[in-house]
Amino acid sequence: MFNIPLIPEHASTFAAKVDPLFWFLTIFVAIFCVAITAIFIYLGLRYKQTPGRKSEHYENMALELTWSVIPAIIAIGIFWWGTVIYFEYANMPEDTYDVSVVGKQWMWKVQHPNGKTEVNHLTMPVGQAVKLTMTSQDVLHDFYIPAFRVKQDVIPARYTTMWFEATKTGEFPLFCAEYCGTEHSTMVGGVTVLPQAEFTAWLGGETGMTPVEAGAALFQQMGCVTCHAQGDASRGPQLNGKFGTEETFTDGSTATIDEEYIRESIMTPGMKIVQGYAPLMPTFASQLSEDDINNLIAYIKSLS
Amino acid sequence: MANESTQHHDIPERDYHAPKSNYLNWQHTVSSWLLTVDHKRIGVMYLIAISVFFMVGGIFAGLFRLELLTPEGDYLQSDTYNRFFTLHAVVMIFFFLIPSVPATFGNFFIPLMIGAKDVAFPKLNLLSWYIYMIAGVMGVTLISLGGLDTGWTVYAPLSTTYANTNVFLATITIFVSGFSSILTGLNFIVTIHKMRAPGMTWFRLPLFVWAHYATSVIQVLGTPVVAISVLLIGIERIWGVGIFDPALGGDPILFQHMFWFYSHPAVYIMILPGMGVISEVIACFARNRVFGYEFIAFSSIAIAIIGFLVWGHHMYVSGQSMYAGFVFSLLTMLVAVPSAIKIFNWTATLYQGNVVWDTPMLYAVGFLGLFAVGGGTGLFLGVIGLDVPLHDTYFVVGHFHYVMVGGMVMAYLAGLHFYWPKITGKAYPRLMANIAAIIIFVGFNFTFFPQLVLGWMGMPRRYHSYHPDFQILNILSTTGATVLGIGFILPVFYLLWSLVYGKDAGSNPWGARGLEWEACTSPPDPHNFHEIPVVTKECYSYTGEETVSV
Ligand SMILES: [Cu+2]
Ligand SMILES: [Cu+2]
């Protein structure tokens, strides 16, 4: 317990990029703070009050400009470094292993593509980019894995994404970083990074329905099929091959059909009415959980 | 002008005896205080009030630091813990930091510095004190009614739909206190424009006045926005109108934009007046005109303006577009530059001066070092790539305490020790004061440096219980907080002691320049000056004159 930890574990490709910037800034700022305080004290002693000596005011425009321009250049340099790292990170890689995450007061639900679910825990393979698509059932949360140096807010009624690639296997803590009410500090868990083979074996264990299968079942159960039956566009629009395309609404506006749009169509169908249709569709807001909606979205995506 | 002599030449340089009648003793009744429109008495009433609020805020901090000694959440309930850190922030920000320097020293000294008999709207000034007190007392009521547990950021939809406490009352408190801040700002702007004595040109103004001018502009422009956002929270909470809660069709990110549009500039409302104090203290104790006066004056204005354009740096991981992040990050890095310029200029002021190392100067050095750390850690959070891991961790907590406590509270204490003889007419024991300065400096670093490390290690903020790996650093921090607490209590004793037993300070104990020292007695006359002074020289006319040792 009583070892003073000073360097956090780093275990992702992003951490390898962030850490050098962190240490550079640490050294830079430390030198700056010590130097400025030392110079101040030095000048204060060097020009200590001596009876008979007069203060001489000193102005020097060149000096003033130097220490205005140089900090500005350094500031822009640091900005550039941090931004390049971030833009590389913001670029979602191809071939990710996709996991969906739902945050709610005060737990994390994680679902793998084959339907396997975990609570407050994420199991993932090493050396493979993992993409999380996340939403919240209530307030804001934030999925934070310190060892990977990543965090992302999780927002109700929206889907935010994040990705990371672990560089070593092991157990790492997982925290909620956005204050979310009474038990915020217990909304914690862990991440287990396994070697590829072990991960495949773990995943192969007992599984439930895949999200697409579960979505298909819900589509029947909830009666979506009565209005969105394949090949019958009379009551509601066809959903086949719709994902990612542009939709036009009665007021002439358009939107791309993405996760958020589908969610909105299910929860508040009255918000945007597809051109050529009546506002017939009822809201399912009180009948479906965030997981159900995730499954329906997965199913509708699979129709493409 | 035929007669070159200014009024302040008529007052003997070293007047060791308090004048018989001054603003403190010319009237004695309680109502002569509570109904006063004298900016000096109002300043003193603010001083008393904010000291009380500072203590309340500090006690809450002490209570939850105690909880953080152990990783388990064992001694406070989660809800209690959450209320305590929320109340600590609300009290410290809205009832201490924002009014701290402007409402006390600003009120007291701006008219003296510019050679006016009072502020432009004395009654409005009293009104803003009452508004502040009403808001503050409501804040305390709120504690007894069950507190507020959303964090001072009152993010939606937690605050609008889910929080289980009296959020509406709390938001009203912030709303009401905002008016006090707006009225004070307005009063200062008009006062500085309209009430300057003959000959007091803009570039003869003390930098303290420039800093307050910039602050007032932010207060007047920014505060209405936070008032609107808290009002909207109230509307959503009471009538269920969907503004921020997505379940009602609202947008939670909109709230963050509105909140930070005010709350980032509010950081400058808190720090700029402190920078003003530091300029005065350093000029006086270096016995020199501030190096690059114009640069410091305009850097305050630059900070006030650019400060309005950087709020998005609180939202890099909120789901905000990466291009927005790009612009906010660039502007954030640039707004650091004017602060750096000030630091360099203050340091250069000592060059070829006659430096006197007295108590206010110790606090000023403390300010300089700690504010540099605060600004430097701000760079980490301003660059997006590094903010991703550091956002919402203890690194942020450490950073803003370095700015707000290490910077602002140090500056406030520098001001308190600098201006105390003028306000009260009494000298305080210097040795005690110097010891307190050192204890505060050491205690401060022990409290907050471990928090920077904790954040880098990954400890999120607002955690009631935490991962056992973080314990040792938390113990260090709590220990430091104890020392810091002792450091803060000491001045209460020796300053109050000085009121009764202190020696008369004389009108200009530090040998400072400026109307407030040279043309006013200590404590000042009820009407400040017997006649409006005519200013013939700039405020930092130290150079070339033989200095008088203190
Ligand atoms: Cu949380
Ligand atoms: Cu900010």
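Before going on, a word on what you're looking at. This is a predicted model, where local features need pLDDT of at least 70 and side-chain atom pairs count only at pLDDT 80 or more, while totals for chains, interfaces and linings use all residues. Residues are numbered from 1 along each chain as its sequence is written, chains are lettered from A and ligands numbered from 1 in the order in which they are written, and side-chain values use heavy atoms, leaving out hydrogens and water.

Back to the interface. Chain B puts 101 residues into the contact and chain A puts in 93, where contact means heavy atoms within 4.5 Å. Between them, the two chains bury about 8,200 Å², with 70% of that on carbon and sulfur atoms. Buried area is the accessible area (1.4 Å probe) that two parts lose on being put together, summed over both. On chain B's side, F291(B), Q352(B) and W456(B) supply 9% of the area buried against chain A, more than any other three residues.

Side chains of opposite charge can pair when their charged atoms come close. The rule finds two salt bridges across this interface, a salt bridge being a side-chain nitrogen of Lys or Arg within 4 Å of a carboxyl oxygen of Asp or Glu. E59(A) and R289(B) meet in a salt bridge, at 3.7 Å from N to O. Helix 11 (residues 322-349) of chain B gives the most to the side that touches chain A, with 15 residues; helices (H or I, at least four residues) are DSSP runs, numbered from the N terminus. By class, that side of chain B has 59 nonpolar, 31 polar and 11 charged residues. Ala, Val, Leu, Ile, Met, Phe, Trp, Tyr, Cys and Pro count as nonpolar, Asp, Glu, Lys and Arg as charged, and the others, Gly among them, as polar.

Now for the salt bridges within single chains. Over all chains, the count comes to 16. In chain A, K301(A) and E259(A) pair up at 3.0 Å, N to O. K301(A) sits in helix 7 (residues 290-302) and E259(A) in helix 6 (residues 259-267), so this pair ties together parts that are 42 residues apart in sequence. K301(A) is partly exposed, at 35% relative accessibility; buried means under 20% relative accessible area, exposed over 50%, and partly exposed in between (1.4 Å probe, protein chains only).

Over in chain B, K426(B) forms a salt bridge with D504(B), their closest N and O atoms being 3.2 Å apart. Each lies in a loop, K426(B) between helix 14 (394-424) and helix 15 (430-457), D504(B) between helix 16 (471-501) and helix 17 (515-518), so the pair links parts 78 residues apart in sequence. K426(B) is buried at 19%, whereas D504(B) is partly exposed at 30%.

Last stop, the metal. The copper ion (ligand 2) is coordinated by H264(B) (ND1), H313(B) (NE2) and H314(B) (NE2), at 1.7 to 2.0 Å. Donors are N, O and S atoms within 2.8 Å of the metal (3.2 Å for Na, K and Ca); water is not among the atoms, so sites may look incomplete. H313(B) and H314(B) are both buried.

Methods:
Helix = DSSP H or I, 4+ residues; strand = E, 2+ residues; numbered from the N terminus.
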